[in-house]
Amino acid sequence: MKWTAVTVNLHKYRKAGQDLGVYVRIISFLVAGCLFFFIALGLLGYAQARWSNTTPSSSMKGLAAAVSSQFFMDMMGMEMPHLQKNRQSFTFSQANVSGFLFSLVTDLNMKDPKTFIAREMPGLTEDRSVVLRKSSTTGNDGPEDYSPKGDALPKIGEGAEGSITANPTAPKEGDAAVIGPAVPAPSAQPPKTAGKNVAFIYQTHNTESYLPELPGVTDPDKAYDSKKNVTLVGLRLAQKLEEDGIGAVHSDINYPAVEKKFYYPYSYKYSLKTLQEATTSHPDLKFYFDIHRDSQRREKTTVTLNGKDYAQLYFIIGGKNPDWKENEQFASQIHSALEAKYPGISKGMFAKAAEGNGVYNQNFSPNSVLIEVGGVDNTLEECYRTVDLLANAITEVVLNVQKVDGGVQNDAKEAKKN
């Protein structure tokens, strides 16, 4: 009798079991990783809400505002291939992802050879301000813009809301936070701008303040206040322009008090609404001045003229604005007027593209400029002295522009008559 031999190939089942074990471990790692990620995200969100003035939702909104619409379209294109119109420009293509990872690790961009020598060639690096026009005191230091610490900004809703005021007058006795040089009342003579309000002064970062005006505060990153701040400097400029015969409108809107969910990185969105509102109410506005405070220390923001200390100025041009050259041309006239009469007051003109906002609402008008008055260690009185001189320079430029525009309009009228 013959017996039939039966052999069982256990190796095949053993290999299948090993593969299954690998899959189980991979899935376990992925599940554990996702669980850890969301737990960490929740803890970070709790910490952010607990120790800062921002909420996780506002941070996500900031992230969404920072990326382009094409990015979201490409994300959808990962699920709907017909949305991928151009594979070369597709955000998540192999070339773009590998290029991003290479730039992340090396800080070099293969498509931009400039990045290979930017660190060795001054002015080429994108994350620094670039000097457009120097002055007698420019030196090697440029403006610095540090964001406030989480607990530095006034609480949301703190302080008066403020408003947009035409032809502002000097504050009543006792209302001014600091008594500076006296501003004479506007004369009864007709304004040089033919009764029109042509200059608008506002402050995007309206709570920026100065350490000497904040008793007990020594940290420059905490130089912020809802009352004693750069808004008073802007008001002073508007008052001086009125005295010089330039019709002015001033905004002292306090954005942390006006915006219910105030988020500091949205500051230029808030001030854009102010620009639109002011232009609607005062259609003759033509010149726009956004007044800020620099973050550098006293030795880099102060100059002594005729025995008195003055806060120095920085003119900032938004390099991301496609028409930045028009703004540069306007600002350069004010800078040159200051440099000719009061050398040392202006630190020069600088362009910023990669830092912060990069546009600064200067695409709103070619006659728009951001001016930083003094640094964290300057006093309001030093800033008042400076904006008095700044007002004289602005008046000179505005009258020249008005004269040129008036001449063009008169020539057009004469041609039409003929």
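Which residues does L390 touch, not counting residues up to four places away in sequence? The close-ups below start there.

**View 1. L390 and its contacts.** L390 touches L237, L313, F315, I334, L338 and I371, leaving aside residues up to four places away in sequence; contact here means heavy atoms within 4.5 Å. This is a predicted model, where local features need pLDDT of at least 70, side-chain atom pairs count only at pLDDT 80 or more, and totals for chains, interfaces and linings use all residues. Residues are numbered from 1 along each chain as its sequence is written, and side-chain values use heavy atoms, with hydrogens and water left out.

**View 2. The largest nonpolar core.** Among its 43 residues, F289, F315, V373 and L390 touch the most other members. Such a core joins buried Ala, Val, Leu, Ile, Met, Phe, Trp, Tyr and Cys residues through side-chain atoms within 4.5 Å. Elements giving two or more residues include β5 (287-292), β8 (313-318) and α10 (380-417); α10 gives the most, with 12 residues. Apart from this core lies another, of 9 residues, among them L153, F262, Y264 and Y270.

**View 3. Helix α6 (residues 230-243).** Because 13 of its 14 residues are buried, α6 is largely enclosed by the rest of the structure (buried: under 20% relative accessible area; exposed: over 50%; partly exposed: in between; 1.4 Å probe, protein chains only). At the start of α6, a side-chain oxygen of N229 comes within 2.9 Å of the backbone nitrogen of T231. G245, with a positive phi near 90 degrees, follows the helix.

View 4. C34 counts as partly exposed, at 44% relative accessibility, whereas C383 is buried, at 0%.

Terms used
Helices (H or I, at least four residues) and strands (E, at least two) are DSSP runs, numbered from the N terminus. The expected span of a helix is 1.5 Å times one less than its number of residues. A polar contact is a pair of N or O atoms within 3.5 Å; within protein, one must be able to donate a hydrogen and the other to accept it, and residues adjacent in sequence count only if both atoms are side-chain atoms.
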